[in-house]
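Here is a short briefing to read alongside the model.

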Amino acid sequence: MVKPFVPQLVYVEPDALTYPLGKELVSKFENMGIEIRQTTSHNQIRNLPGENDFQRYRVAKSTLVVGVRKTLKFDTSKPSAEYAIPFVTGCMGHCHYCYLQTTMGSKPYIRTYVNIDDIFEAAENYMKERAPEPTRFEASCTSDIVGVDHLTHTLKKAIEFFGESEYGKLRFVTKFAHVDHLLDAKHNGKTRFRFSMNDDYIIKNFEPGTSRQHERIEAAGKVANAGFPLGFIIAPIYLHDGWKEGYKEMFEKLEAELPDTAKRDLTFELIQHRFTKPAKKVIEKNYPMTKLELDESKRKWKWGRYGIGKYVYTDQEQEDIKDTLGSYIHNYFPEAKIEYFT
């Protein structure tokens, strides 16, 4: 069982202490006996302990920064939502393939923002601009918010905020099973709770520091029974010996766990494994023993957004993935919607 995240080290921006959540978190961490340091800015954490990059990276992943989010202009989001809503940045998981390793660069520490009323107010303005069209907000573009929410309860407040909103909807995805404190949130069907799911081989080999497959499946059952709209991101879909059997077993276990009510409004997002040249460099530096297959000669090169090319599976392999996983979803969850394959 992966235990809920507890930071080894906490940094606090002075301004964070002017917010109730900032004071509450500092008091909580003091009572837990965690070392607390001051920082002028959540973007400027220096002097992290460690004798080399490898050690400092691991310390950073267990460091929490309590800060104020000054930029309240939300990024437009991925295919799943209109806007990314920023409650947390960074993640305590150690997924070898994760794109955050390159986008976060030298700042792999976790930042949680305490000015949540300001963030809600900004969200309200975005909703007003689009009304009466619904506006979807994605809370996990740069983080796994569930991984830290047992400490902050920011996500729980967000679920209830959007539950009361007229035109807002919230979405997020997690690899963590620590969901019990969220189950009684008054969501009013406005939050889609998604789990990042994968076959056992991938979770065991490439997703250290995250909840195991059976824990995520059990958590998904709890979330479904709490009446949340449910979804799964199958990512990264990774070809290995026995992948077809591995994914089949995963879908069988999901089908057995979920109540029938959840199966009528279920979404799947399918994302194949891909990597860029810069990502490969960072992965090999941070996880030198990884078994992750990063051989460019076995892949197809594809132009990405912002002019950075990425290596994806060949057209034939992609068709095989779509046919195989598509047939499993159709068989086990005939009423589910596949939102996209990329």
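The notes below go from the whole chain to single residues.

This is a predicted model, in which local features need pLDDT of at least 70, side-chain atom pairs count only at pLDDT 80 or more, and totals for chains, interfaces and linings use all residues. Residues are numbered from 1 along each chain as its sequence is written, and side-chain values use heavy atoms, with hydrogens and water left out.

**Overall build**

- The protein has 12 helices and 14 strands; these are DSSP runs numbered from the N terminus, with helices (H or I) of at least four residues and strands (E) of at least two.
- With a radius of gyration of 20 Å, close to the 20 Å that the globule rule gives for 342 residues, the protein is as compact as a globular protein of that length. The radius is taken over C-alpha atoms, and the rule is 2.2 Å times the number of residues to the power 0.38.
- Along the principal axes, the C-alpha atoms fill a box of roughly 55 × 50 × 40 Å.
- Of the 342 residues, 56% are buried (buried means under 20% relative accessible area, exposed over 50%, and partly exposed in between, with a 1.4 Å probe and protein chains only).
- Among contacts with a separation of 6 or more, 76% are between residues 24 or more positions apart (contact means heavy atoms within 4.5 Å).

- Helix H6 covers residues 154-164 and is mostly covered, with eight of its 11 residues buried.
- Those buried residues include Lys156, Phe161 and Phe162.
- His153 sits in the loop between helix H5 (146-152) and H6. Its relative accessible area of 29% makes His153 partly exposed.

- Arg216 belongs to helix H8 (residues 213-225) and counts as buried because its relative accessibility is 0%. Its side chain reaches the backbone oxygen of Ser211 at 2.8 Å. Leaving aside neighbours within four places in sequence, Arg216 is in contact with residues including Lys175, Phe195, Glu207 and Ser211.
- Tyr57 is part of helix H2 (residues 53-60) and is buried at a relative accessible area of 9%. A polar contact of 3.2 Å links its side chain to that of Tyr287 (a polar contact is a pair of N or O atoms within 3.5 Å; within protein, one must be able to donate a hydrogen and the other to accept it, and residues adjacent in sequence count only if both atoms are side-chain atoms). Tyr109 is 52 residues away from Tyr57 in sequence, and their C-alpha atoms are 8.3 Å apart.
- Ile202 lies in helix H7 (residues 200-206) and is buried, at 0% relative accessibility. Not counting residues up to four places away in sequence, Ile202 touches Glu207, Pro236, Tyr238, His240 and Tyr247.

**Backbone points to check**

- Most residues other than glycine have a negative phi, and most peptide bonds are trans.
- The peptide bond from Ala131 to Pro132 is cis, with omega near 5°. Pro132 is in the loop between helix H4 (116-130) and strand S7 (135-138).
- Ala235 and Pro236 are also joined by a cis peptide bond, with omega about -10°; Pro236 lies in strand S10 (residues 230-237).
- His153, though not a glycine, has a positive phi of about 60°.
- Asn188, again not a glycine, has a positive phi of about 50°. Asn188 is in the loop between strand S8 (168-174) and strand S9 (191-197), and is exposed with a relative accessible area of 56%.
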